[in-house]
Amino acid sequence: MRNDLSELYKDLHAHPELAFAEHRTAAEIARRATALGYEVTTGVGRTGVVARLANGPGPTVLLRADMDALPVREQTGLPYASTATDPASGSPVMHACGHDVHVTCLLGALRMLMQDRSSWSGTLVAVFQPNEELGAGAQAMIDDNFFARFGTPEVVLGQHVMPLPAGMLAVHAGAALAATDAWKVTLYGRGGHGSQPERSIDPVVMAAATVLRLQTVVSREIAGGDTAVVTVGSMRAGTQNNIIPDQAELQINIRTFIPEVRERVLTAVRRIIRAEAQASGAEREPDIEPITTFPIMTNDPAAVDRTAAALRSKFGADNVIDPGPATGSEDVGVFATASGAPLCYWFIGGADPATFAAAQQQGTLAQDVPANHSPFFAPVIEPTLDIGVAALTTAALTWLGPAN
């Protein structure tokens, strides 16, 4: 099975697809899950796949993996590196967040659970979700009558590969991942010739001033004990060096854990955007358009206790840690919130242990161990896949009923 999963992983990694365009990925998942004996439904929430196995009376357990990739040009140099481009946009595409690992591990767990079906009872619902990166996939599947069609789960389980040493697992009870608010901001100036700035209202300067001022939100408006992140990830304006454009665009990403802090940050960001436009003499108010929103991902403490105990028993207490909250975001919790089920979502390590240990000793983790969304992100295949399959299988058996 190890070689088969390794080849599947390499194939998925070499053929990434962006959000709601996961057609090849979904077809391969459906083919393999059907061959295993699962009842498979495709096209759920546009491109999602659900593999279901009713194995007698007992709990319904939902296992979730996401499928979509990112618009990143891969620079790993691996023999199975992606050279794919998105047919619609032409942008390079890469599995820079490890969703290929997630899909592979869930298919591996489905095989293990099918082979071991005489030891458990209940209903297994495996969700291969599209569009996690833009935070729309879980809701799209739910809106497609997910619970009426496949049952309401009694627990939602899932995992994410991270730049931890391969062989390690990490899970945090409570608010584990941050809420995200992403905005596209259009600042309006007055275009003109680069030699006559006095006849223009320069949106490039307006945008630059806005970016700099936004850096004060966290440092000067948020208490030291609270957590918030404000990142301007994109700044676009103009076409030529001697033309002052008439508008500039910023894309802003905001992360918070506490609703009150979220509202304070959002209010401050709006205020600064509008105030800098006014200070620049803009004749039109900026447009602030939401791009994506992720809710806070909250792990149910009792579900974490139950699942983590099983993982510690399987992998050893020293190999299952509490990493504390992280400022990444996830929409897996939407399945839990919508169904009323508890959520347990954990991390699996994907970094080479020797490389990680050396970098940690030298204080060079940021440079030497690429993180998710990096063009150099490349989990080691083993033991990452073995651990991921075993973790999902162990967690599922912890919640499924005993054989009747």
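I took helix axes as lines fitted to C-alpha atoms over the stretch in contact, with angles running from 0 to 180 degrees between N-to-C directions. Helices (H or I, at least four residues) and strands (E, at least two) are DSSP runs numbered from the N terminus.

I noted that this is a predicted model, in which local features need pLDDT of at least 70 and side-chain atom pairs count only at pLDDT 80 or more, while totals for chains, interfaces and linings use all residues. Residues are numbered from 1 along each chain as its sequence is written, and side-chain values use heavy atoms, with hydrogens and water left out.

**Helix pair**

I looked up how α9 (residues 301-315) packs on α13 (residues 384-399), and found an angle of about 130° with the axes 9 Å apart. The two helices are therefore oblique to each other, given that angles under 35 degrees count as roughly parallel, over 145 as roughly antiparallel, 65 to 115 as roughly perpendicular and the rest as oblique. I then listed the contact (heavy atoms within 4.5 Å): A303, R306, T307, A310, L311, K314 and F315 of α9 meet I387, A390, A391, T394, A395, T398 and W399 of α13. The residues of this contact divide into nine nonpolar, three polar and two charged, where Ala, Val, Leu, Ile, Met, Phe, Trp, Tyr, Cys and Pro count as nonpolar, Asp, Glu, Lys and Arg as charged, and the others, Gly among them, as polar.

**Cysteines**

I searched the whole structure for disulfides and found zero, taking a disulfide as a pair of cysteine sulfur atoms within 2.5 Å. C97 is in no disulfide, and the nearest cysteine sulfur, that of C105, is 14 Å away. I checked accessibility next, with buried meaning under 20% relative accessible area, exposed over 50%, and partly exposed in between (1.4 Å probe, protein chains only). C97 is buried at a relative accessible area of 8%, and C105 is buried at 1%.

**Backbone**

I kept in mind that most residues other than glycine have a negative phi, and most peptide bonds are trans. The peptide bond from E382 to P383 is cis, with omega near 10°, and I placed P383 in the loop between α12 (365-368) and α13. H373 also lies in the loop between α12 and α13; its phi is near 80°, a positive value in a residue other than glycine, and at 42% relative accessibility H373 counts as partly exposed. For R46 I found a positive phi, near 85°, in the loop between β1 (39-44) and β2 (48-55), and R46 is exposed, with a relative accessible area of 59%.
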